[in-house]
Amino acid sequence: MPDPLPVLLLTRPRDTSERFARVLEARGQRFRAVISPLFSIAVQGPLPDASAMRGLIFTSANGVESWRALGGRTDLPVWCVGDATAAAARAAGMTAQSAGGTADDLVAWLSRSRPPAPLLHLHGSNARGAVADRLTEAGLPCTSAVIYDQPAQPLTAEAHAALAGIAPVVAPVFSPRTGKLLADQPVKAPLLVAAMSEAVVKALASLHKRELKVALRPESEAMTDVVCDLLDRAATGKY
């Protein structure tokens, strides 16, 4: 018997996926959530020396959480790629500002605003954008440090079953790494994908999908809008 609700396939770490599902539910969406993280977050020490730094850069909330888990200082100004990352930094007790976009937007913003330097970019093992190198080339000294790993994980049996079924599946994809991991999976179900950015679209090139829609801005609110639209289409069969 067909599933009465569309499947929402969430492939980020469980806590993050559960938060996103609650946001969608608050928007009135109905779905069957299948949470199957394609990677995990493993904090990686030692704690980088920030004693000479004048500010910190984060390009994901995972970086913020890993920095706090390592006992990193919270008294420095923080520069973040987007609003969700800045919100995580503020929740951790830091004074944060957001570039409201991509790594390119962050580099351009800092290059214009010229905050006190040197800066320290704290990121995961699969970081993109060469933020520290580009800022240094622009005359704003910046170093970088890896503070967490992102080991890949296989899809769960429930996720494989959803992708092999007949009910429509809506999959939000927030990063090129997640897109690349998802693109390796076999798909028979009608798959509707929400992509955070054009970089994610490229990573999804080989994925068998019914529809692909890109967020207007690379941030959580814009992704929520796209996913709501795809869930509405999935629920009514308009895809």
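Within strand β8, C142 is the bridge partner of L119. The model is predicted, with local features requiring pLDDT of at least 70 and side-chain atom pairs counted only at pLDDT 80 or more, whereas totals for chains, interfaces and linings use all residues. Residues are numbered from 1 along each chain as its sequence is written, and side-chain values use heavy atoms, with hydrogens and water left out.

The two strands form part of an open sheet of six strands, in which the order is β3-β8-β7-β4-β5-β6 and the pairing is mixed. Because β3 (42-43) and β6 (96-98) stand at the edges with a single partner strand each, one side of each is left without a neighbour in the sheet. The partner of β3 is strand β8 (residues 142-149), with antiparallel pairing over two bridges; here V43 has Y148 as its bridge partner. Elsewhere in the sheet, strand β4 (residues 55-58) pairs with strand β5 (residues 78-80) in the parallel sense, over three bridges. In that pair, L56 is bridged to V78 of β5.

Backbone geometry was examined next. Most residues other than glycine have a negative phi, and most peptide bonds are trans. The peptide bond from G45 to P46 is cis, with omega near 5 degrees, and P46 lies in the loop between β3 and β4. A cis peptide bond also joins A117 and P118, where omega is about 10 degrees. P118 is located in the loop between α4 (103-113) and β7 (119-124). The loop between α4 and β7 also contains R114, which has a positive phi of about 50 degrees although it is not a glycine.

At the level of domains, the protein chain is divided into domain 1 (7-40 + 152-201 + 220-236) and domain 2 (42-149), the bounds coming from an automatic or database domain assignment. The centres of the two domains, taken over C-alpha atoms, are separated by 27 Å. Six residues from domain 1 and six residues from domain 2 take part in the contact, defined by heavy atoms within 4.5 Å. Domain 1 and domain 2 bury about 440 Å² between them, 46% of it on carbon and sulfur atoms; buried area is the accessible area (1.4 Å probe) that two parts lose on being put together, summed over both. On the side of domain 1, the most area is lost to domain 2 by S40, P176 and R177, which together account for 52% of what that side buries.

Across this interface, zero salt bridges are found, the criterion being a side-chain nitrogen of Lys or Arg within 4 Å of a carboxyl oxygen of Asp or Glu. The structure as a whole holds nine salt bridges. One of the salt bridges joins the side chains of E18 and R14 (3.7 Å, N to O). Both E18 and R14 lie in helix α1 (residues 14-26), where they are four residues apart, about one turn of the helix.

Key:
Two strands pair if DSSP finds at least two bridges between them.
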